[in-house]
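Here is a short briefing for a first look. Start with the view below, then read the points by topic.

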Amino acid sequence: MAVSSALCIFSLLVLAQAQSELQQPKIELRLAGDKRKHYEGRLEVFYNNEWGTVCDDDFSIEAAHVACRQLGFLGAVAWSPSAKFGQGEGRIWLDNVHCTGRENSLAACPSNGFGVSDCRHSEDVGVICNQKRIPGHRFINIMNNNVETLEERVEEIRIRPISSHLKRIPITEGYVEVKERGKWRQICDEEWTPLNSRVVCGMYGFPGEKNYNNKVYRSLSMRKKKNYWGFLVNCTGNEAHMSSCRLGKALEPKRNGTCGRGLPVVVSCVPGRAFAPSSSIGFRKAYRPEQPLVRLRGGANVGEGRVEVLKNGVWGTVCDDNWNLKAATVVCRELGFGSAKEALTGAKLGQGMGPVHMNEVECSGFEKSLTDCYFNNDALGCSHEEDAAVRCNVPAMGFQKRIRLSGGRNPFEGRVEVLAEKNGSLVWGTVCSENWGIIEAMVVCRQLGLGFASHAFQETWYWAGDANADNVVMSGVRCSGTEMSLPQCLHHGKHINCPKGGGRFAAGVSCSDTAPDLVLNAQLVEQTTYLEDRPMYALQCALEENCLSSTARKNDHSSYRRLLRFSSQIHNVGQSDFRPKLGYHAWTWHECHRHYHSMEVFTHYDLLSLNGTKVAEGHKASFCLEDTHCDEGISKRYHCANFGEQGITVGCWDTYRHDIDCQWIDVTDVKPGDYIFQVVINPNYDVAESDYTNNVMKCKCRYDGYRIWTYSCHIGGSRSSDMDEYSGMSNQLNHLR
């Protein structure tokens, strides 16, 4: 009897729920707005044949969950008030929405009622959904027009290569297939356009599309059964992902499985030069591109960074006013990547330096170069806090499948293990740690898609990696820092030479999605340079710390040394604090100056001949890394007093005044003439940075034996003539090793 009553009650509840669903209004949802990913945006509702928005009053994460699930995602990650994704237009359909999170539609949540609102579009709500789709999600269409996108209908999209192309890396050609309700289906090529192919290639990291051998695919399609998707596709060519394209007309089903006079859609994409396909699983060597007009800086991964453009031989940044996906896509395609995933504003990938060359950029999306777009030369009011950046779609090269971190406390650290060929089979093994440094660690983190390296380890006994992977399979690794994978670096190949062996001495890394970036104020150096003749009796501490030329040791206390003095102001324009490599316990005490050195060599000071030969040198140990001054709104964190924490906070700078010991170059033995004055920060790459090219500063100088003139000081990488600066620093590093 009790069971019968329970079943009766359950049946009544199901009936009541069904009646409620029948009574609730039928609505559709979509995500809209600029500067967004396909799984986030302004929440819009289609009701009564009109699109409208939702007010943020009383909106909650539970309501966001309902909306995202209705859109076919697994749920919500967050929601955003105050029109974060831009203000919508038309009606504000919903206000004061209260959801429990269990509703199957936003229409089922209590609210003021459709169209009853006291809000403005400045209060439009946005949602950020989980990127994963609900498997088999069925979209219900109530619209009678063709403005629906694929976004709500398709779980996945892929390019499926034919068997003869399976080993090509990356996959550039094949059938375009969509996954709907768990099944892969082909798209009919009826009304398929090159603009559609452009979008598909762009989302897979390719800048362009090309023709293919139609006879091969026509022959294959005749022999194989086809399973067509029920719709055609209509793209404008500017979409970042095919899921954002509009649905074309419904496909009329044919008994014989054909699509009128059409065949399955095939695309053939043109890869960027860095991603040219190989016929095996090996990797191409990193190449040296020609001088571009646009470049990316400060990005943690391949295909992302702050946008910089070259004008009159000087690199400068782009102001983020009006910055959008169309402009970002032009940059990405110009550099050999696909379409843009994100157009970033507010210097999210770090602040640049020098001039702001472009403002209020407006692109159609089809320009060959960002410099072809309309823009305002006047960047008045723009600061580097508004530097624009991009994240581009890049091809799937399979790099991450051939390397792993093992034994770490989290996925961002561990012993480096690589997949290598041995006796005709692929085996996992370790990398020899001899000469292993931060540059090699940077390449590992980039290959894994984990951002920047924060540390490089030559001992990893504290990380218990895979015991079956203890043997060394790669040794003699030397990287320049531009490689996309570790095998692209110089190494011994099959002839392994690692005296220390693997195991506890295997190479390791820790990665981070942010890094500091130190830049010297070149103008201050130029303004503060002068000569001083100083007696040896006042230079004994400097002599002990090797801050004078070797000939100074032969001088008596009454003699003088001629010193080229200057001030240096070192800014951290990166995204994380600059900290010494060593902790307190490893700092070196210097009795003469009575202070600790947290880095024995923090900067190199050199006077070079015009052909690059060193004629005089100096160096500065970091006896005190601290925040001397900070940008407005940023608090100082590091103070040297009382054996305090040392470092340079993001947005702060450390100043070494011209009148302190070792802040000079000893030019006593230098003959009159023209020279190059060079300063290199963090010269041994002891601490990881997001960009080493701007660690070098060079000035021209003329010395007549009595006076010195310093002029034309500039930071490395800031001019077109500095193209080889980074490779020069890499060569310097290899020499140091």
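**Overall picture**

In the protein chain, 71% of the contacts with a separation of 6 or more are between residues 24 or more positions apart. The model is predicted. The chain holds 9 helices and 40 strands.

**Burial and surface**

- The protein chain has 737 residues, and 51% of them count as buried.
- Its accessible surface comes to about 34900 Å².
- Carbon and sulfur atoms account for 49% of that surface.

- Strand 27 and strand 30 (residues 568–572) are joined by 3 bridges and run antiparallel.
- Within this pair, V519 stands opposite H571 of strand 30.

- G75 sits in the loop between helix 2 (61–70) and strand 4 (76–80).
- Is G75 buried or exposed? Its relative accessible area is 5%, so G75 is buried; the cut-off for buried is under 20%.
- Beyond its neighbours within four places in sequence, G75 is in contact with H65, C68, R69, C129 and N130.
- One of these contacts, H65, is 10 residues from G75 in sequence. The C-alpha atoms of G75 and H65 are 4.8 Å apart in space.

Notes:
Residues are numbered from 1 along each chain as its sequence is written. This is a predicted model: local features need pLDDT of at least 70, side-chain atom pairs count only at pLDDT 80 or more; totals for chains, interfaces and linings use all residues. Side-chain values use heavy atoms; hydrogens and water are left out. Helices (H or I, at least four residues) and strands (E, at least two) are DSSP runs, numbered from the N terminus. Buried means under 20% relative accessible area, exposed over 50%, partly exposed in between (1.4 Å probe, protein chains only). Contact means heavy atoms within 4.5 Å. Accessible areas come from the Shrake-Rupley method with a 1.4 Å probe; for residues, only the protein chains shown count as cover. Two strands pair if DSSP finds at least two bridges between them.
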